[in-house]
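Colleague: I would like to learn how to read a structure like this one. Could you walk me through it, feature by feature?

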Amino acid sequence: MSTPQRDSVNDEEEFADILEDLRRSWDLGHALRTFKPSVPDTGPPPCSAAELTAAVRTSQHLRYITKEVAVETGSTVEAVEQQVEVILGEMSQNLQMSSIRLLGYGLNKAMKRLFTRVNVNMDGLQRLQPTAQGYPVILMPNHRSYMDFLIISFLSFTYDLPIPVIAAGTPLSKMKLMGEIFRRCGAFYIRRGIGSDKLYWAVLSEYVKTIVRRAYAPLEFYVEGLRSRTLKALPPKLGMMHMVLEPFFKGEVYDITLVPISISYDRVVEESLLAHELLGVPKPRETTRGLLKASSVLWENYGSMHVNIGQALSVRAMCQGKIDRNHYNRVPRDLPQKPGEDMQACVSLLAHRVVRDQEQGAVLSPWSLMATVLLQSPVPSLVQEGLPWGALAQRTLWLRGHALAFGARLNWPGGTRESDEVMSSNMSLHHSVARRRGGRVFLLEEEGFAGRQPTSAEEGVAWRAVAVLMMASHRNQALHVFARPAMLAVAMHVTASRQRRELQAFFVFLLDVFSVEIVFTPGQSSQDFEEACSLLGKAGAIQCCQEEISVTDAGQQTMTFLKTLLQPFMDSYQVVFSHLCEAGDNTFSEKQFVTSVRKLATSLILSGELQTYEALSSDTQSNALSSLLRLEAVTKLRTAERTEYSVNKSSVQRIADMLCGKIPLQSVQTAPDSRL
Amino acid sequence: MASDGSSNSSSIPDRQQIARQRLRIIAGHLQKPLDPSDGDISARECSAPDKQPGDTTTKSVPRRRQEVMKWNGWGYSDSRFHFNKKGQAEFTGKRYKLSGMIMPSLKEWFEGTFGANVQHKSFASAVPSPGAVKPPALNQAFVEGVQSTGVPFSSDAEDRVFRGHGHCLHEIFALREGRVGRVPDMVVWPNCHDDVVKIVELACKHNVCLIPYGGGTSVSSALECPLEETRSIVSLDTSQMNRILWIDEKNLTAHVEAGIVGQDLERLLGESGYCTGHEPDSMEFSSLGGWVATRASGMKKNIYGNIEDLLVHVRMVTPKGVMEKSCLVPRMSCGPDIHHFILGSEGTLGVVTEVTIKIRPVPEYQKYGSVVFPNFDMGVACLREVAKQRCAPASIRLVDNEQFQFGHALKPQVSSMFTSFLEGLKKFYITKFKGFDPQHLCVATLLFEGDREKVLQHEKQVYDIAAKFGGLAAGEDNGQRGYMLTFVIAYLRDLGMDHFVIGESFETSVPWDRVLDICRNVKERITRECKDKGVQFTPFSTCRVTQTYDAGACVYFYFAFNSRGLSDPVHVYEQVEHAARQEILANGGSLSHHHGVGKLRKAWMRETVSEVGLGMLRSVKEYVDPENIFGNGNLL
């Protein structure tokens, strides 16, 4: 394919719209194109799907586990072997070129209809060319929409790159026909909630490791584990990452190349669906019918999609000096062995690094900034009075300056002069959540069928929340840009202190509390703090001395903005904390928890005590719960049928009080009194 | 290809003659036929210090080594590679099969592999720089003591310089530039066990540092004088203790003085129809005592065993006295085997003076062979299977593609059109007809030994296994050339250094399942490190599997690069070697299979043998040698 017209983002990376060429060419012609990936002859030999499963089946690792499981469960080895067959059958990919062509045809059509542009950085594509060394390549995109599930495969097909093998969740395999088509496009399926199923773990890890060891095709997986419902980066899941990296730790491959890929959208196709899901409307199962129904979305315009293939990371270089690979020398490598602590730390570090690279590589739409600005105003006034267009535009431009200074990648075509035009067009692209009327911008409430009015005040709150959460999902895409400075702004506000040491301690506490909400690399809080200081210092918002940090006069506006940015999270967490402290029962299930927090939040919103509608989001609620688990204020009890939680009220109260500055900071994680 | 038609059909006497000739090539390439009267192998007393005139000429190693050997390179002064006026590589001298021959394709290989140019020369200096050798710091009382015993000694600069180094790259590189570091202050040449006892007693009495010196072929910095040593350093050269004291034909053992070098041992035993079968690549120069002190391994260990298997009895003179067992038995259960304190002690506990070693009748028949595999993976799989079936020939080695090509570059000029036609045909058959990729194929070289019948049977068994792994028999010639390569490789290093190419070999042992990974990873690491360190041209980084065991294999790496344009090539080399060793350890390989630890690798001893293990070794040292008389600083 020739290189289409270039579109510059931040002047450094060159993006090109791949649709331009596709629109000029004949769809069927594209599907039938000669696919000829350039594979160096020193590279690894190809491996068919059958060879792959055969290698897994006969591996020493699996034979060992099979025997172990047979002994543990008291069944015969043959019976366990049959289980292995079932698992493998359910798991295996079955890559076939004909399906890739079919997919190419379908995706080609869909993308042309949905998007005005699909921008891909061409030098990133270049970097995916197989190298002579033949190291295994791991493609690690973020997952924001169903649309991006096969986009890498599509690009690979279009640009003659090796087609990746993709890790997907089993629900996808249950879709009639599509499940099988995806399988033939290189998807292999992983069950959710594997828990302690030893045999399944063994089959899966052997399957993954064999793909990595053989390095015959890139492996693609979502390090975040699943599709982010909030469009915010999710803390990485480490299980798969461990499997992928183990062949390097064990010396079975010389190096592994990780390629972070950031996929971002002006609008994700399922945006309103996601908001409903977060508010407790159950998510429709992934069925083929569901997909067909969703085909109504084909008539909407979703703006641009960006695929930014990041700089490859060498696992070897990243682990240099951090791990002792001798760890695996005393046990045969095929037998399962727990990785050393140094390796676990490295896996976590790498996973977080990839997420950070994905965040930084993501291309922000101007609307993200506009949504961020809009959400700084109280929701009722946004709905009723709206925000003057001039104020919105002026604030957005102000924010644009900060975002760029903080290193964001913005898709903001043209200079500032055309800005009004850019913002207007973004406004109209998002007509389903916000509308410009008479020089003011209003947040649109969800409308009932046929103009039905909400039957109760509670329902009204929920309807309004849909719009807020949709808006929030756009803000969330920009959150990572401001996260560190915002944490510092909150720390300065809550502690009302200038002492660097005190601020840093509170900063670290905030990182702990919001560790599930916003992704930070564990153990790097001091770097994060320094980064926050340096960014705000450069922006002229604060002055940093050896001991003290103070806000400059010019910085007041910035600091207020940053503090307000995190306010919804601060408030939502406080709602969760107060619910836990006031609830009658000390133990509860997650379902009970979500329902009662939602109820509490609704009543607080109605009474005007709570400003933010984000407290209604099940995501925020469960994040708060996970965070308390990490802080050991809540413990998980596993009973036979279900998981329950037990709360330590005084501990939660302490965290709540510290977070709002009522009591000074104390050590959280290991509070001895709270355990008594 | 089916092995080698011509030799299969040859008559038996012919074959035996060929076999004998081959044995001579391996065991005693150098010397002119010996005076038969020297083949005196009856037991005899420790002879007087002054030997009969002419006695030393029958042995390979004179006291003044520099008279026959290079002082700043490998091997004999008369044998060296060079590019002649026509730019063709040539090997001088008359000692080796390759001597006097021209290797027409070496230049092209050399220039192509290293990006080198034979016109660019970096010749070695002929003598040490003036003033490079510091005057000896002699311990007068000790000198007088030695004088009174009548043991010959010298503090001549040339003698001292010769014994101050082994053959590590950095040692040879410095010598070629005329640089000499700390060297021993004095050299003594004891003639027998009792002489050694006297010298060790004197050393203890006068507190001088003794460094035992055997063949001088160390590649672990074991012979370097520790810089922190303030005492007078005395090199104890065992080369004159080179007699076979007795041969016991009933038990098939021989009692031998430890200074004897490999080629003399095999030659002298051969005259009685025996051999030890211990053939390390350095056997021309390395000594029996050195083998014991470093846990040496011979190429034919599959039949004869490594040095620890060959050892029946050993005497070692330590500062605390003489250590030896009370009997000559094949095995005993009397606590930890004290031989294992001696084996691998690397001169830190005492001097090995006499060894009783197993001997075998010289094999009736010997045959080389080779197998081509489509790729290295298949070759390793085949070797693993051979080891599993425990049918390894005397030697079986698998060289990778790079080394295979290197071997080809060393082919001497073919004399007849017919041979060259045959070569072309072979190549065509393998690459075109069988579809082997010349950039991937690799070769296993084989050496069979024993009864003719059994050898042929054995050969068939091995070739049958090889066939299962896609192997094609590729003739005796390829096999023999492979083994020759190991004898001349050290000479080739000197040629490389004449043209800015520096290199070295190192080895490890590793479990079977890691062989492929370690080979790939270490080679890759070398390539990457060289690039990172500013080496312009991709280095020559190659390996071979040289020994097979039940549970693993020994892997040997060669690594060389063009150092032109580097300000400190040796430093770069050392960094890369260090990285490669770390890669080996991270991939489950050992610190060393047979080269030993010396000072070069002792930083890794703790992690290799554990803190407690190191403590055990230390406590032995503290008991045996509390004053650190044997202060070469190796190992611990």
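Colleague: To begin, how many helices and strands does chain B have?

Modeller: Chain B has 21 helices and 21 strands. Helices (H or I, at least four residues) and strands (E, at least two) are DSSP runs, numbered from the N terminus. Please keep in mind that this is a predicted model, in which local features need pLDDT of at least 70 and side-chain atom pairs count only at pLDDT 80 or more, while totals for chains, interfaces and linings use all residues. Residues are numbered from 1 along each chain as its sequence is written, chains are lettered from A and ligands numbered from 1 in the order in which they are written, and side-chain values use heavy atoms, with hydrogens and water left out.

Colleague: What share of the residues in chain B is buried?

Modeller: Buried means under 20% relative accessible area, exposed means over 50%, and partly exposed lies in between (1.4 Å probe, protein chains only). Of the 636 residues in chain B, 58% are buried. Contact means heavy atoms within 4.5 Å. Taking contacts in chain B between residues at least 6 apart in sequence, 77% join residues at least 24 apart.

Colleague: How should I read the packing of helix 21 of chain A against helix 24 of chain A?

Modeller: Two packed helices are described by the angle between their axes and by the distance between the axes. Axes are lines fitted to C-alpha atoms, for helices over the stretch in contact, and angles run from 0 to 180 degrees between N-to-C directions. Here the axes of helix 21 (residues 457–495) and helix 24 (residues 556–582) of chain A come within 7 Å and cross at roughly 105°. The two helices of chain A are therefore roughly perpendicular; angles under 35 degrees count as roughly parallel, over 145 as roughly antiparallel, 65 to 115 as roughly perpendicular and the rest as oblique. Residues making the contact include A:Leu479, A:Phe482 and A:Met487 of helix 21 and A:Phe561, A:Leu565 and A:Phe569 of helix 24. Sorted by class, this contact has 17 nonpolar, two polar and two charged residues. Ala, Val, Leu, Ile, Met, Phe, Trp, Tyr, Cys and Pro count as nonpolar, Asp, Glu, Lys and Arg as charged, and the others, Gly among them, as polar.

Colleague: Now strands. Which strand does strand 6 of chain B join through five bridges?

Modeller: Two strands pair if DSSP finds at least two bridges between them. Strand 6 (residues 209–213) of chain B is joined by five bridges to strand 7 (residues 233–237) of chain B, and they run parallel. One bridge pair is B:Cys209 with B:Ile233. Both faces of strand 6 are covered, with B:Cys209, B:Ile211 and B:Tyr213 buried on one side and B:Leu210 and B:Pro212 on the other.

Colleague: In what order do the five strands of the open sheet in chain B lie?

Modeller: The order is 8-9-13-11-12, with antiparallel pairing. Strand 8 (244–248) and strand 12 (321–323) are the edge strands, each pairing on one side only. Neighbouring strands of the sheet are turned by 10° against each other on average, direction ignored. Helix 8 (residues 193–206) of chain B packs on this sheet and touches strands 11, 12 and 13. Strand 8 pairs with strand 9 (residues 253–257) of chain B over four bridges, and B:Trp246 stands opposite B:His255.
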